[in-house]
Amino acid sequence: MSTECWKCGKKAVIHRKYEGKSWCSDHFAEQFESLIKETINKEDLFNSNEKICVALSGGMDSSALLFFLSKLFKNWRNAELVALTVDEGIKGYRDESIEIARELCDDLGVKLHVSSFEDAFGKTLDDIMKDKKHGCTYCGVLRRWLLNKKSRELGADKLATAHNLDDELQSIFMNYLKGDMKRMVRLGAKPAIVEDEKFVPRVKPFRNTPEKEIALYGRIRNLELHQTECPYVENSLRFDVRDFLNEMETKRPSTKFTALRAFDKLLPSLRKKYSSEDVSVDNCDECGEITSGRVCKTCKLLEKI
Ligand SMILES: [Zn+2]
Ligand SMILES: [Zn+2]
């Protein structure tokens, strides 16, 4: 491994095995940003007159995304950026990350909106977890519901999330292992979920970017990292898949990129097959949000609490 940047000879901060090149911090950050722009252009993620809501958790990925987009949008006069943080109500965990989110938004001049489980559902995640043992399931469903509703109320044209290459690939493999092909249409930088006025389309600008490189970019840009792990995190299938993929990548560099590109070749066919089967979009009888059944998943879960 070379310890010098292949472009300028300065001290390298990263050696990409999959590429065989080392990069100094300046050239890495520059190239990182141009790769994200490439994804944004190629996948046509934003229009210059849109209002974009960034789902901001206070973790490194979403902080880096907000930082990057605020930089990019400086040149787009009519684009507007807002940030949305969901406060699940996890004592000792969420408070710190909301503080980080607030500081970052102040620095960048982006308006931050905080939406809490308590206001929306009358209960914090801590309350919900007192007698249930489905942390991540509950949390994920309720959070998605809230992000969609609030970003729509904020008038956002798109909801940008910080899903990275590792997240995406884990989801792909998890869906394979569970045999859930239909769910795969939710993947991609611009997922085709449903087209409905109540649904705010998602975009994932970091979707082709490895998690490690986002963390490095964040450190180079001096972003603060919220390091505590969520207390309700489960030893889930996702972790097994993550470990497997990391091991493969160590043994055979560029496995992750190859696997993602292979999936991208399948995606158009999957979308064709499943979008025609799944057109029944309705409003939930309970909450009025969109659902494929009579009652949405969020309301079904809330009933059980
Ligand atoms: Zn350099
Ligand atoms: Zn509902």
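Trainee: Why are Glu-303 and Lys-304, in α11, called exposed?

Mentor: The word has a cut-off: exposed means over 50% relative accessible area, buried means under 20%, and partly exposed is in between (1.4 Å probe, protein chains only). Glu-303 and Lys-304 count as exposed. Before we go on, this is a predicted model: local features need pLDDT of at least 70, side-chain atom pairs count only at pLDDT 80 or more, and totals for chains, interfaces and linings use all residues. Residues are numbered from 1 along each chain as its sequence is written, chains are lettered from A and ligands numbered from 1 in the order written, and side-chain values use heavy atoms, with hydrogens and water left out.

Trainee: So which residues of α11 are buried?

Mentor: Helix α11 (residues 297-304) buries Thr-298, Cys-299 and Leu-301. A helix here is a DSSP run (H or I, at least four residues), a strand is a run of E (at least two), and both are numbered from the N terminus.

Trainee: How do you know that they line one face of the helix?

Mentor: Look down the axis: the buried residues fall within an arc of 160°, so they share one face of α11. That arc is taken over the directions from the helix axis to the C-beta atoms.

Trainee: What does Thr-298 have to do with Phe-121?

Mentor: They touch: leaving aside neighbours within four places in sequence, Phe-121 is in contact with Leu-142, Trp-145, Thr-298 and Leu-302. Contact means heavy atoms within 4.5 Å. Phe-121 belongs to helix α4 (residues 117-121).

Trainee: How about the zinc ion: which residues coordinate it?

Mentor: Cys-5 (SG), Cys-8 (SG), Cys-24 (SG) and His-27 (ND1) do, at 2.0 to 2.3 Å. Donors are N, O and S atoms within 2.8 Å of the metal (3.2 Å for Na, K and Ca), and since water is not among the atoms, sites may look incomplete. The spacing of these donor residues is C-x2-C-x15-C-x2-H. Cys-5, in the segment before β1 (14-16), and Cys-24, in the loop between β2 (21-23) and α1 (25-42), are 19 residues apart and link distant parts of the chain. Both of these cysteines are buried.

Trainee: What is the polar contact of the Glu-213 side chain?

Mentor: The partner is the side chain of Arg-16, at 2.9 Å. A polar contact is a pair of N or O atoms within 3.5 Å; within protein, one must be able to donate a hydrogen and the other to accept it, and residues adjacent in sequence count only if both atoms are side-chain atoms.

Trainee: Last one: which are the edge strands of the open sheet?

Mentor: The sheet runs β5-β4-β3-β6-β7, with parallel pairing. Its edges are β5 (111-116) and β7 (202-203), each pairing on one side only. Two strands pair if DSSP finds at least two bridges between them; β4 (residues 80-87) and β5 have six.
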